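Welcome! Please take a look at the sequence and structure shown here, and then read on for a short tour.

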Amino acid sequence: MHELSLAMSVMKQVELCLADFGPEARVVRITLEVGRLRAVVPNSMQFCFQAVSDGTGADGAELVIEEIPVRVRCESCGTEWAVQEVAFFCPDCGGSVKTLTGKELLLRTIEVEE
Amino acid sequence: MEQWAIQRSHHGSSDGRDVPHAHPHGGGPARTEVDMREHLLAANDRHAQSIRALLAEHHVFCVNLLSSPGSGKTALLEATLSCLGRDLRIAVIEGDIETSADAERLAPFGIPVIQINTGPFGGDCHLAAPLVAGAVGKLDLHELDLLVIENVGNLVCPAEFDIGEDGKVVLLSVTEGEDKPLKYPLVFHVASLALVSKVDLLPHLDVSVDLILENVRRANPGLEVMLVSARSGEGLASWLKWLREGVESKSGT
């Protein structure tokens with residue numbers, strides 16, 4: 001359900017963005033970067049975005065959700081890998097890991113047509 | 001159709017942005033790609049930082065208590081208030097989708113309790129910082145050492161939202177099964193402390209505490225874990241010590 005909050009946050013930025021354009025401008029594409037750790041379900045996000053953008057300047061816009069894998073680095077031996085299942089320690093030496101990517105939650109671009 | 005890309009001078013700010021001039025030669029609509037680079041929770045996080053600054057100014061230690069529904073957050077609070085209520089000045093913010101049942105349970109302790117309802121019939125499944133800021137504003141922070149925010153029962157969404165706390169504490173009751181840290185890793189990833197609750201029930205269950213601990217470790221090897229029971233009092237001393245140390249760390253003395 002936090003997809004609805006996120007979709008509303010996207011719409012707020014869409015409104016700010018459209019304020020710089022003419023009255024006929026409309027949003028055709030929005031790109032998000034979402035880390036896999038964020039527990040955002042792309043289908044739910046699409047559904048919520050459709051619901052909140054209905055009848056706005058972003059009605060019908062394509063929402064591109066780029067999922068970012070969870071990458072970590074072992075703080076002991078420096079090995080880097082993409083975590084496929086939940087195991088946040090080094091399989092080689094058992095060391096603790098630093099999360100490099102996977103926590104993104106970014107509105108990257110808004111594409112406007114006028 | 002032509003593609004244009006512009007760089008915004010202020011990330012996500014409504015002022016001082018580059019105003020796009022993207023008029024292509026010839027007919028057809030012009031497309032402008034605006035680089036936003038805005039964190040989707042930026043607005044929430046700004047509110048959270050204001051709360052954090054306000055609590056720091058008043059030396060109030062703040063805990064954000066997270067768990068699935070029915071893991072024993074309120075029972076733990078009752079036990080905590082029974083033990084610490086005389087030594088520390090404590091307030092509680094209760095987050096629920098609906099009802100003030102939890103606030104009523106805490107009423108006998110005579111401490112400030114503020115109930116936030118996120119809304120009936122599908123209200124927000126988490127507390128967001130703007131709502132918490134409103135509740136914090138109603139408290140007399142000069143008269144507080146410890147603020148506990150009991151979040152909406154949910155292991156997913158509350159993990160995403162910074163509400164200005166000093167630490168997130170996640171509860172996992174032994175009746176929920178050993179697999180929850182693997183199914184909901186983010187909350188264990190962002191927590192400062194995990195409490196495995198209702199351990200007084202262990203003799204009646206087929207659950208393996210070792211497996212729970214192993215799965216917590218897989219989600220976050222550095223996470224401190226305590227076994228507690230609000231009912232029997234087992235393990236509460238460690239939890240109370242953790243709280244007292246947090247309060248001391250903020251006391252500025």
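Two residues are in contact if their C-beta atoms, placed from the backbone, lie within 7 Å. The contact draws 30 residues from chain A and 35 residues from chain B. On the side of chain A that touches chain B, β6(A) gives the largest share, 9 residues. That side of chain A divides into 18 nonpolar, 6 polar and 6 charged residues, where Ala, Val, Leu, Ile, Met, Phe, Trp, Tyr, Cys and Pro count as nonpolar, Asp, Glu, Lys and Arg as charged, and the others, Gly among them, as polar.

This is a predicted model, in which local features need pLDDT of at least 70, side-chain atom pairs count only at pLDDT 80 or more, and totals for chains, interfaces and linings use all residues. Residues are numbered from 1 along each chain as its sequence is written, while chains are lettered from A and ligands numbered from 1 in the order in which they are written.

Strands (E, at least two residues) and helices (H or I, at least four) are DSSP runs, numbered from the N terminus. Two strands pair if DSSP finds at least two bridges between them. Here are two such pairings:

| Strands | Sense | Bridges |
|---|---|---|
| β6(A) and β2(B) | antiparallel | 7 bridges |
| β4(B) and β5(B) | parallel | 5 bridges |

Within chain B, D96(B) has N117(B) in β5(B) as its bridge partner.

Chain B has 8 helices and 9 strands.
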